[in-house]
Every structure is written in C-alpha cells, then in structure tokens.
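Please look over the sequence and the model below before reading on.

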Amino acid sequence: MRVGDDFGPKMQACQAVLEGGRTLIGFGEIQRWSKKGRSGKVRTEVPQVNRVVQRFWLSWPRADEIVRIVSYKRARVTATERAHMLAFPQREAYAGGHGPTNFTDALESRSALPRSGVPSGAGAASGAGATSGAGAASGAGAASGAGAAPHTATRSRTATRSRAGAGAASSRARASGVSAAAAAASGTSASSGVTASGATRLPAPSGVSAASSAGASGGDGVPFFTFTDVVEAVVVASECVHSDYTYAPLRVRQVVVVKPRFPQLATLLHMPDHGRQLVETVEGLVCKLMEHGVTASRTVGDGVGMEQDGGDGDGNGSDVDSEDSKDMGGSDDGEEMACFEEDAITVCPAAAPPAQEAADAVGDEVEAPHVDLPAAAAKAAVETSLREDVHFLTCGQRCWDWFNQRLCHVTGSVAATFLAFGRQLVRKHAAVAAATQGATAASLRAARAGAPGSSAREEADELAAKAQCARDDAWCDLHHYFIDMFRRLRKMWLGQHKGNEHTRAGTANEPVMAEALRQDALVDSVYDVGLVENRRTKWLACSTDLIMQARLGTVVPQGRLAATTRPMPVELKTMTVPRTVNKHTDVARDVREVFGGTWGWCDAGDPDAFARYVPQCHHRSQLVHQAATFGAGAVVYVVGTTTAILYRMVVFVPPEVRRRHIARLALVAEPLLGWMYSDTPAPPAFIPFEDAEVLVSQHEMWWAVRHHVLRHGPLHPVFQMRAAVVVLYNNLMGGVDAVDRSTTATNSTSCISFKHWEPAVVVTLLHKGCFHNAVRLYRLMCCRRWLEPDTWRDGGGWSGFIRRLAAVGSAKDILRDMAQNVLLTGGERAVSRDSRQQEAAVDRRRGAAANEADVARIRGYRDEVLRAGAKKRKRLLLSADGVAFRKTKQLQHRMTRAEKRPGCAFCYRAVQRPLTPQQLQELSATPEGERAAKRRRLTKLQRKPSGGRSFMQCNDCGVHLCMKNGTECERRWHEGATPPLPRSQDGK
C-alpha cells in the first residue's frame, strides 16, 4: 500500500507469540484523517490527530497467510475499451464464481511470491530476465554496450551552484514499516519483510566498483570529514570545465561539511562505512560514465540536442514520458532533459550483446507477410508478436496497478532524468577536480606570499581559505547530488502530480486522435496498451499511447518496409499554444512538400533529419526509449492540435541507437535500482535512510504484483487494492474496529434516554455485541448452503453470496421481528429447540420428495415468462401464478449483469401528470379531426418516469431489479410482494 501522509492508505502487520505457543497476528491501516466521518459530521469521540490507526486482532489458523492475501476492486472499463486494449484478461480471470473454491487451492494456484526453495522468476518470469539478484543486469543485453558514444545534456550555469538546504526539505512521506498487504506466500510470515532499519546493507552496488579504474579510490581516496553548523557565504566552484577533461580520482584529504546545507549527506558521512561506500560508488560511476564517452562539455552538436524549454505547450506537458506527462507540467527540480549529441547516434557501439543483436536482426530484417484476419485473431496476433520482446504488466493506464508497477522501472521520464544525471555527475566531478587544483594552487601561493602576519600573507591566506571552501562545497555538492537522486525517484514514482491545462487538453484529445488514426486508409488496426517491461532488461519499461499496424509501402522506402510490418508504438502529441502550433505547422508543411502528404519518415541515426521532423528534444528521447523497450525498428510520431492531426512521422530507430540508449541507462540504473530486484532487498549503505525506508516499504507489494502478473498475466484494471481480510470483515461486519454501518439506525441510545451513563453503556454493549452479532450470524446461517463447493460456483461466487446476505433483511427488520416475537411469547420460547429441529427435518424431507410434476410445471412457466414480451411478462409475473413462481425455492433466481439498464420491475413507474393549462388551450385550438393525435402527443410529454434503473437482471424472471445499498426491490420481488401503485394523476 502507499506509505505516508501524501501517498494514501497503508497497511502494517505484526506478530506476537503468546504464552502457551499460540500466535497472535495483528494489523493496522493508516489513512488520512480529516476529523470528520463520511456524513461530514465532526467526530468528537476520536482524538484530533493527523492520522488514525484502525486495527483489530484475530486468532485464526494460518492467519499469517490470510493477512497476506489481497483483493482488488475493479475499475470501470467499457466494452469498447476492452476490445481495443491489448492483453486484457479473460472474464474467467477476474469474474466472481471462477476462482478457487477453498483456501489451499487459492494459495497453490494464485500465489504471487515464490515459495521457499523456488528461485525468483519461476513460472512466467523464467527466461525473461526476471530472476532475482542485486544487479539489474541479469537479463541478456542489459548492461553491455562498450564504446557507446555519450548523450549530451544542457543546463544553465546557475543550476549547478550549491543549493543551501537542498536536502533539508525532504518529502512529507514517512515510512512506518513493511507493507504486509502482499499476496499470499507459503512459508513467509507477515513479519518477515525487510525494513530499512533492519535490512542488511549491501557492501557495494551491483555494476559499480571503484576497482574498475586503477587508483579510482583506495584507503586514501576517502577524505576525513569535519562537520560544522556555521553557514557561510556560498563559494561557487569554477564551472569552466572543458571537453578535454580526463578522469582522475579525486584526492581530497579533508572536507568540511556544512550540516544545515547538506543534512542528508552529513548523516551518511557520520557513519564511516556508509561514507566510504558513497565515495567509492560515485568514483566508480563517474569512471564508467567517462569510459562510455560522457564528457564535461556543455556544447551540443549541430543543434540536435537542445535545452528543454519549460513551456513547450504540447498537450503532454514538458515532461518526457506519456505516463508522467499527463500529470506533470515540467521536469523534476528544473533538471534538463536528455539531449542527443552529434555523435551520439551515428557512432555504433563496438560490441553488442548476442541476444540483443539476434532480437534486433529478427525485428528489423524479417518482413512478416500481411494476412487479413478477423478482429479477435488480429488482436491476438499483435499480442503474440509483442510478447516476444515485452511483458505486459498492466492492461490499462492511470489505474492502481499501473501506478504500482512503475516503481523501480525506468520509464521515459526516469530515462531522461538518468541520462541528464550521468552527465551532471561528470560535470560536477570535473568541477571538484578544478576546485581542488585551485585550492592547491592557492595554498602554494599563500605559503610563498611572505612572512606570517604580513598583509600580503593574510590576504593570500584568506584567498586560500575561500578556495578550500569552494573545493569543499563542490565536493559536497557532487555527493549530495548523487544521493538526492533517490528523493527525486521517490517523488516521480510516489508523488502527486496535478499537471496543467496543457496536459489535461492533451489527455482529453488522445481518444480523438486515436479514432482519427483508425479511420486512416493506411492503418489496419490501432490498440491501446498499458505498461510493458522489456524481456531482456527488466528495469526498462514504458507506457506508449497506442500500438499500430499499418501498410506503409507507399510512404517508406522498400528497403525499410520490413520494420513497419510489425506492430509499432505510437506517440501522440497535442500542441496547445501558438508557438508550438506554429512550429509544428511549419514541419507539417515541410512534410507535405517532401513526401506529398501527411505521412513521412526519418531515421533516428540521421541527427539532422531527426531534429527537423521531431523538433523537441524530449520527444526524440521518448521515441528512442519506446523503440528500445519494445525492440521495435520503427515508431510512429503523431502531432496534432485539438482540432486536427498535423502530420504523422515514421521514425526508424536502428539497433545501434537502441543498444546505445540501453547501455547509457544501465550505467545508472544498475547501481541505483538493481538491489530492488530481489525477494529480500538490501539497500546499499549510500542511500539516505528516509528514502531507503520508503522504497523498502513499497517493495513487497510491488514485487508480489509483478510476480503475479508475470505468472498469470495482467490484472483487470484495478481501482483499489485492499487486504482481503479487511474487505471480508468490512463486508460482513461493516468496518474495522468501528461502529457498524447498520447500528446507526438501531442505536439504543438514540431510542432511549438514560439518566445515568452506566445503563447506557450496558445496553449499548448488549446491542452492539450480542444483538448485532446475532443478526450477522443469522444471516450467515440463512445463506450457509451457498457456501458449499457445488453451490458456490453456480450461485455467483463471492458477489452472489454477499447479495444473498443482504437479501435476508436489514438489521432493523431482523431486530424488529426478534422484538415482536419476544413480546408475543412473553419472553418465553414459543417452540422448543427439539421441536424446531423436528420441523426442520420434516421440511427437508418434504423438499426432497417434491413432486416432479410441480418442478416441470415451474420450469414450463419460466419458459413461458422468458418467451413473452416485456408487457406480457410483467402481467404473468404479477398474476397469482407469477407470485408463486417468484417465491419458489426450486429456482435460484440468480442476478447477473446485463448490457442495458432498463427500469426496475418493482419500483420503476411512469407517472402521468395532468395537462397544463397552456397545453389544454393548445388542444382546444386544434381541429377536431387532429385532436385525438394531439392529445396523445401531449399526454406522452407529461409522462414522467419514477423509480430506479438497474443493470442486474434475474435469469429466471427475466426482469431487472434494483440491488443498490438501501434498496430492497430484489428481496421484496422474490418474496412475492406487490409493486407499489403509481402516484395519482395530479402528481401529488
């Protein structure tokens, strides 16, 4: 569950062993607290604190497994959305009545986490790069790419200056432990999760080692630290770094850390082992980045990589990923987006992973023959083709499981941040080296300035002290920038992003642009898609807008046609401000002149053409990232406004560009995220405690959902995920450790006034304890037969059982009947228990010996009712035979959901209101021959519907009945009650 005040509800479980060996499992749920109940009334009986903990304790066999089962509420999905969504699960995967019939089968068939002795990634995850391990590059082709040229990122000069207190304003998110609401895992207790405070810290992150370069760090590579609370004027280190800067390990003997300016860094450096890991990790990462061609130069080649404009005004915002940009109006912390340098695309890596080369060869050179297939078969063929390269993690976007699975994945926005992050590390490392040289030179000049005490010596000492302060600030800024990345990741994955008017306009325009593409003559099919994960690089993921299949033989050259025969990711961009609309209108005019229409093509390996037809840098980064994730040789870039599509551009992304993109990301992703891909994550020591605690607390739920999806396929789009035992308790008892919903209307203190509090407490305890529990048990006993395995599935499963519980009667009705019986019998048993048992046995024998002729007659009457039209069916069901038919127990009268929503057969009525004086005057003015028709039209206008409508239909009666909370239409109808008469003609 989400953790913290800003991230919604959270669940935590704990376990205690009592005397005698019994185990007690307890769990609590933390939610936002507004000091008001659901009705809006201020609840004075609850302390006014910023959060409320709702908890209850249970003692149940195998309780440690029960509290780890989660259930979810499905989001609303229309039939059209289901037809267009790829990898949408079959109804048997989520509908009621199709699940396991007992607890053991559920654990064996639906368990998400691996059992003890089974390696992570078994089942659907095996062979897909999903095996556990601290390193994220266990899949083939995840981290290779030697010789890759660098990507360039730009940033203003003032952005690299030290920011006072940059780490002090931490997020309000606070972790309180491990999320215990994970899926069931045999042999794993609820308290076995790893918290940040109790986790074993890794000695070094996977993929980063200071030994990768001789002398990168050693015993003398870690300086001694001195901490001070005195905040002096910020001395900015020199930014005049050049592209000829070569890597050399930093040799700083002592660093003064200003704690108010770098609080998180000071906390880490207070622990020697943690500080050593931080220094060694930063040195090793910078060394690897520079080995892969990342330089400290701020120049951008040939205008291809341009600095991000914070107000681009495109409908998807200025962020770089479609899933984030719908909610974010700009990049995090004003950081620059990844840009392409002149040689970043044209230079091929010296070597590529064999598996990746084979996949690229299959995807780019083999042309699939085109065959016209039915809609369902064509969709299945697209899913099969995409599954060769990706795992479908979700079948929707902006749903709970989509937000959950974005954690620990490098999507488009995270990829752009990582690319810029790597370049900034190199720049800051170069700035520290320059500041160190300046401080050394200043110290030498001060030693030679003159005799101690002279004015020249004092001035030189002051300059040397400032140079040392600049060096210390630059060193702290470098390492603080590195650890601050975890805060930024936490904000991107778990933060709230409201977006702006441009993102909202782009989101609203996406269905319009998708429908326009479906009407395009060159497009065969267009599908929606959720979050996908690359099979060979498990941390690589994206959520593209659409997946398209098209016949582009008249658009692209024949030599490149093979890449377009496979399903292609589609990125939709809506321009909303005049500047971007004018810019892309000029591009659309250029496309028409060059290609003779609204379709065109370009190659990502040609930086000039790529920047010409995709002018915005973060759009280019996003297209390359989607091609790398899907392993696609081509992606489609569609640009439009809120009124029309301007142009469509097929962007070919060569294999070397995709491999280069993944290799650059792997350098940063592996040390930062690799430790999360494990059953028991151990955060590296260089991660700030607050960030590690939040990430570890989120890990168990994310890891369980991911394993479940890899084994069983994507979930139905999830609206809300809750612990199953909480849902069970809420549905049966009305709430967790709170006053039940049904006790409000029958509260004893509302019916009787007490002079003293003692009798009020006694009566309240009897009511809310004995009486209320008796009502619940009575309902369960009435519906007990529907819990049998043979009737559970036929009765609609859990949802059908809940409906039957509600149909027994409300708490008020049951308590009223109980009170009436007590009053009528004078407080004595009217019938002994033995008599009731004998009568029940007789009734069972009579029911067992029912006449077959009566059964045949009932079934024949049902067939007659279902064959009749709506009006005749209603007359049949309201007759004497119909009342008996509705009350019969020979039929189940199962309620199922229908496509249409007509009026309820019990409460829906058309009330005829009298004609108004104006209508009567109009009728009198009508000629005599037309007056009858005129009266019928006016009468129809005065007919007003009254009552409810419902999707739920009785399979035996063939009518729709209301089943919402507070309505009794379904129960009263099947009890044989007569529907209420329509209101009088005057409408009163």
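Helix H11 is largely enclosed by the rest of the structure, because 27 of its 36 residues are buried, where buried means under 20% relative accessible area, exposed means over 50% and partly exposed lies in between, with a 1.4 Å probe and protein chains only. From its first C-alpha to its last, H11 reaches 53 Å, close to the 52 Å expected at 1.5 Å a residue, the expected span being 1.5 Å times one less than the number of residues. Helices (H or I, at least four residues) and strands (E, at least two) are DSSP runs numbered from the N terminus.

The model is predicted, so that local features need pLDDT of at least 70 and side-chain atom pairs count only at pLDDT 80 or more, while totals for chains, interfaces and linings use all residues. Residues are numbered from 1 along each chain as its sequence is written, and side-chain values use heavy atoms, with hydrogens and water left out.

Leaving aside neighbours within four places in sequence, Phe-482 is in contact (heavy atoms within 4.5 Å) with residues including Leu-278, Phe-421, Leu-672 and Phe-686.

An open sheet of six strands with mixed pairing runs in the order E8-E11-E12-E14-E15-E13, two strands being paired if DSSP finds at least two bridges between them. Strands E8 and E13 stand at the edges, each with a single partner strand, so one side of each is left without a neighbour in the sheet. E13 and E15 pair in the parallel sense over five bridges, and Cys-602 stands opposite Val-651 in E15.

| Helix | Strands | Angle |
|---|---|---|
| H9 (residues 375-387) | E8 and E11 | about 70° to E8 |
| H15 (residues 578-595) | E13, E14 and E15 | about 65° with E15 |

Note on methods: Axes fitted to C-alpha atoms, helices over the stretch in contact; angles between N-to-C directions.
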